[in-house]
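Open the model in your viewer and keep the sequence panel beside it. We will go from stop to stop, selecting a few residues at a time.

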Amino acid sequence: MLCGPCSTQNGGVVVIVGDQIDACSFTRIKSKMSQPNRILPQSKETLLKSYTKRLKDDVKSILDNFTEIVKSSKVESETQVSRLTQSAQDQYEVNVRAANIVRAGESLQKLVSDMKEFLILNDFPSVNTSITERSNALQEISIQTDQQLLALKQELAVNLSELEQAYYSSSYR
């Protein structure tokens with residue numbers, strides 16, 4: 001069994017056969033889980049290149065694993081291993097490759113999510129346009145409210161002066 005920093009043969013995916021996993025693989029999995037979900041590159045260009053690389057790697061992983069599943073579905077007429085043993089081995093291989101396809105699909109979903117987040121957070125022209133439009137709309141509402149308040153103030157002043165005049169000229173004063 002290989003053990004080392006780059007010992008996995010299938011693009012960083014630990015292959016588990018049955019219920020066994022070696023200590024080195026467990027350490028790599030644990031260290032990956034404790035790291036932050038993503039490393040922030042220095043520039044947008046670097047980030048876009050990393051998105052492209054992730055996309056290519058995940059699609060290649062899906063294609064390679066699917067190709068290997070199809071290859072393993074071929075029945076070989078004569079082998080040195082019994083049919084039952086070969087069948088069990090093929091079943092494990094198909095299960096692992098299917099898990100790798102699922103992992104790559106989930107990685108693609110995460111990539112889409114990251115790209116949406118990138119677009120939302122870094123699309124400054126549209127964000128600025130949206131902020132400007134909202135600011136203009138709120139300023140118009142503020143101007144209309146000020147005009148309505150001034151009209152109400154004038155109406156109240158007229159009504160108050162009429163009421164004062166009626167009060168001071170009445171005999172009930």
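Start at Lys 110, which counts as partly exposed with a relative accessibility of 32%. Keep in mind that you are looking at a predicted model. A salt bridge joins Asp 114 and Lys 110, and their closest N and O atoms are 2.8 Å apart. Why do these two lie about one helical turn apart? Because they are four residues apart in helix α3. Is Asp 114 buried or exposed? Asp 114 has a relative accessible area of 5%, so it is buried. The cut-off for buried is under 20%.

Arg 54, Lys 110 and Asp 114 are linked in a network of salt bridges.

**The whole chain**

Clear the selection and switch to a cartoon view. How many helices and strands does the protein have? The protein has four helices and zero strands. From the N terminus, the order of the elements is α-α-α-α.

Now show the surface. The protein exposes about 14,500 Å². Carbon and sulfur atoms supply 59% of that area. Of the 173 residues, 14% count as buried.

Next, think about contacts along the chain. Take the contacts with a separation of 6 or more: 68% of them are between residues 24 or more positions apart.

**More salt bridges**

The count of salt bridges comes to seven. You have already seen the one between Asp 114 and Lys 110. Here are two others.

Select Lys 49 and Glu 45. They form a salt bridge, with the closest N and O atoms 4.0 Å apart. Both residues sit in helix α2, which covers residues 44-72. They are four residues apart there, so about one helical turn separates them. Lys 49 is exposed, and Glu 45 is exposed too.

Move on to Glu 93 and Arg 97. This salt bridge has its closest N and O atoms 3.3 Å apart. Look at helix α3, residues 83-122: Glu 93 and Arg 97 are four residues apart in it, which means a separation of about one helical turn. Glu 93 has a relative accessible area of 27%, so it is partly exposed.

**The nonpolar core**

Select Leu 47, Tyr 51, Leu 108, Leu 111 and Phe 118. These five residues make up the largest nonpolar core. Helices α2 and α3 each supply at least two residues of this core. Which helix gives the most? That is α3, with three residues.

Keep Leu 111 and show what surrounds it. Setting aside neighbours within four places in sequence, Leu 111 is in contact with Tyr 51, Arg 54 and Leu 55. Tyr 51 belongs to the core as well, and Arg 54 is part of the salt-bridge network from the opening stop.

**Aromatic rings**

A pair of aromatic rings is described by the distance of the centres and the angle of the planes. The whole structure holds two aromatic pairs.

Select Tyr 51 and Phe 118. Their ring centres are 6.0 Å apart and their planes are at 85°, so this pair is edge-to-face. The pair links distant parts of the chain, 67 residues apart: Tyr 51 is in helix α2 and Phe 118 in helix α3. Both residues are buried.

Then select Tyr 167 and Tyr 168. Here the centres are 5.3 Å apart and the planes are at 70°, so this pair is edge-to-face. Tyr 167 is partly exposed, with a relative accessible area of 47%.

**A buried aspartate**

Pick Asp 58 in helix α2. Its relative accessible area is 6%, so Asp 58 is buried. What does Asp 58 touch, not counting residues up to four places away in sequence? It touches Arg 103, Ala 104, Ser 107 and Leu 108.

The C-alpha atoms of Asp 58 and Asn 100 are separated by 9.7 Å, while the two residues are 42 residues apart along the chain.

**Last stop: a surface patch**

Go to helix α4, residues 124-169, and find Leu 149 there. Together, Leu 149, Leu 152 and Leu 156 form a nonpolar patch on the surface. Their accessible area comes to about 300 Å².

Terms used:
Residues numbered from 1 in each chain as written. Predicted model: local features only at pLDDT ≥ 70, side-chain atom pairs only at ≥ 80, totals over all residues. Heavy atoms only, no water. Buried < 20%, exposed > 50% of the residue type's maximum accessible area, 1.4 Å probe, protein only. Contact = heavy atoms within 4.5 Å. Areas by Shrake-Rupley, 256 points an atom, 1.4 Å probe, with all protein chains shown as cover. Salt bridge = Lys/Arg side-chain N within 4 Å of Asp/Glu carboxyl O. Core = buried A, V, L, I, M, F, W, Y, C linked by side-chain atoms within 4.5 Å. Patch = residues over 30% accessible without salt bridge, like charges linked within 9 Å, V, L, I, M, F, W, Y side chains within 5 Å. Phe/Tyr/Trp six-rings, centres within 6.5 Å; stacked < 30°, edge-to-face > 60°.
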